[in-house]
Amino acid sequence: MAKSRVQFICQNCGSVHQRWAGKCDACGEWNTLVEEGTSGGIGSGPANTRNTRKGRAVVLTSLSGDIEDAPRIVSGIGELDRATGGGFVRGSALLVGGDPGIGKSTLLTQAAAALASKGHRIVYVSGEEAVAQIRLRAQRLGVASTPVELAAETNVEDILATIADGKRPDLVILDSIQTLWTDLADSAPGTVTQVRAAAQAMIRYAKSTGAAIVLVGHVTKEGQIAGPRVVEHMVDGVLYFEGEGNHHFRILRTVKNRFGPTDEIGVFEMSDKGLREVSNPSELFLGERHAKSPGAAVFAGMEGTRPVLVEIQALVAPSSLGTPRRAVVGWDGARLSMVLAVLEAHCGVRFGQHDVYLNVAGGYRISEPAADLAVAAALVSSLTGLALPADCVYFGEISLSGAVRPVAHAQQRLKEAEKLGFGSAVLPLGSEEIAGGIGAGAFQPTELADLVARIAGSRRGRADDDE
């Protein structure tokens, strides 16, 4: 019998240490190393693989050949199907993460009910809630009459034995992966070893039977899915359910998808009857817009294949501090500093004696650099006290030299703006070919200074009109 070997595994990042230490060398977290034995269990190392069978040769093939589309299970919830790339793929594993109380269980309960009502066998296994709690949620959502099969269980072997009885399920929902444990590992549920082993067992079942598996994952205080990062590599898709507690909308964001596009989003609105689809998120983010306020610019952005219009708000106020404040909500703070530096260096706009506050309306978060031009326009508008045209949208990337660089999907951005009633646009020169619409008369600056001069010129124009 192989001698038991002890190792210490970080519960934050999954790195393995040979001896205990107060701080993990890999991720820098304190008090996260937990002792786990490796004799006869998962990850036993070479001592446990000496008597393994001889390998067999596998058939090698070429890249060319017949291709079949991945068989999907369409839920009928349009925003969920959009985020997953067209529905749940049979034989795939999907990992869904999000903050506590954000609505993960609500969304999956609605999806399970929608699929069960179409004749699919759906199994919902909860390791955190009792069956009575799930039934209460189903009654609140009005789906208690659907034939969803429920269970409250945390042992992986018992779950596999249960779902193997009878017809193969089309979809199995496990809420959550951190509560599952397997007899193959000796550590406690939620540890790195148990999470990895439980996920591996469920994914193996999905691949061998063709059933789709949805794993719910907890998130850390940094917003990342808790547990070993290897689980995100093992699954076929990773979805993050995002939202702010003081806003009703929720965003289901795709960050990994082996069977569809990434960076796709589905937008929902939370209500007392559950999650409602938002087919036009631009109207949601522009719903309470004040058109005549200085410092507000509408940005035409892209989330995956979907154009989204959102208002960017800036407030530039005189500062009494030696070091003025720079506060950002919904955008990258380092990128704001870059835009401020370009405005000062190449456009002569001084912010050194002013506090700068930037906010993306509605709690939305922007990651693409195409928002640079809208941010610059909002900053200049707030500093000068001049309101930007209410029917104008902005998008474009700003380089450190002050040049305005073109961005992708210009035509789709303009079409979305035109659909919502916008009549003009400011976009980079040299963007992809724009056919008609508001793009025909768009202002296309080559330098950021051109846009600043245009905004400042509106003040002179107003002064002439007053005279």
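Hi everyone. Before we start, one cut-off: a residue is called exposed when its relative accessible area is over 50%, and buried when that area is under 20%. Keep in mind too that this is a predicted model.

Is Gly-101 buried or exposed? Its relative accessibility is 75%, so Gly-101 counts as exposed. You'll find Gly-101 in the loop between β6 and α2, the helix that spans 104-116. Now compare Gly-98, which sits in strand β6, residues 93-98. Gly-98 has a relative accessibility of 6% and therefore counts as buried. What does Gly-98 touch, once we set aside its neighbours within four places in sequence? The contacts are Lys-104, Gly-217, Val-219 and Phe-241.

Next, helix α3, residues 131-141. Which of its residues are buried? They are Ile-134, Arg-137, Ala-138 and Leu-141. Looking down the axis of α3, these buried residues fall within an arc of 100°, so they line one face of the helix. The face turned away from that buried side carries exposed residues, namely Arg-135, Leu-136 and Gln-139. And what covers the buried residues of α3? The cover includes helix α2 along with strands β7 (122-126), β8 (149-152) and β14 (274-277). Just after α3 comes Gly-142, with a positive phi of about 75°.

Let's move on to a sheet. This one is open and has 6 strands, in the order β17-β18-β16-β15-β19-β22, with mixed pairing. At the edges are β17 (326-329) and β22 (424-426), each pairing on one side only. Neighbouring strands here are turned by 30° against each other on average, ignoring direction. For a parallel case, take β19, residues 392-394: 3 bridges join β19 to β22. Within that pairing, Cys-392 has Ser-424 of β22 as its bridge partner.

Helix α8, residues 333-347, touches β17 and β18 (354-360), and its direction makes about 125° with that of β17. Helix α10, residues 410-419, touches β15 (296-303), β16 (306-318), β19 and β22, and its direction makes about 80° with that of β16.

Strand β1, residues 6-10, is mostly covered, with 4 of its 5 residues buried. β1 pairs with strand β2, residues 16-17, in the antiparallel sense over 2 bridges. Opposite Phe-8 stands His-17 in β2. How many residues lie between the strands of this hairpin? There are 5, and in the hairpin Gly-14 takes a positive phi near 90°.

Definitions and conventions:
Residues are numbered from 1 along each chain as its sequence is written. This is a predicted model: local features need pLDDT of at least 70, side-chain atom pairs count only at pLDDT 80 or more; totals for chains, interfaces and linings use all residues. Side-chain values use heavy atoms; hydrogens and water are left out. Buried means under 20% relative accessible area, exposed over 50%, partly exposed in between (1.4 Å probe, protein chains only). Contact means heavy atoms within 4.5 Å. The arc is that of the directions from the helix axis to the C-beta atoms. Two strands pair if DSSP finds at least two bridges between them. Axes are lines fitted to C-alpha atoms, for helices over the stretch in contact, and angles run from 0 to 180 degrees between N-to-C directions.
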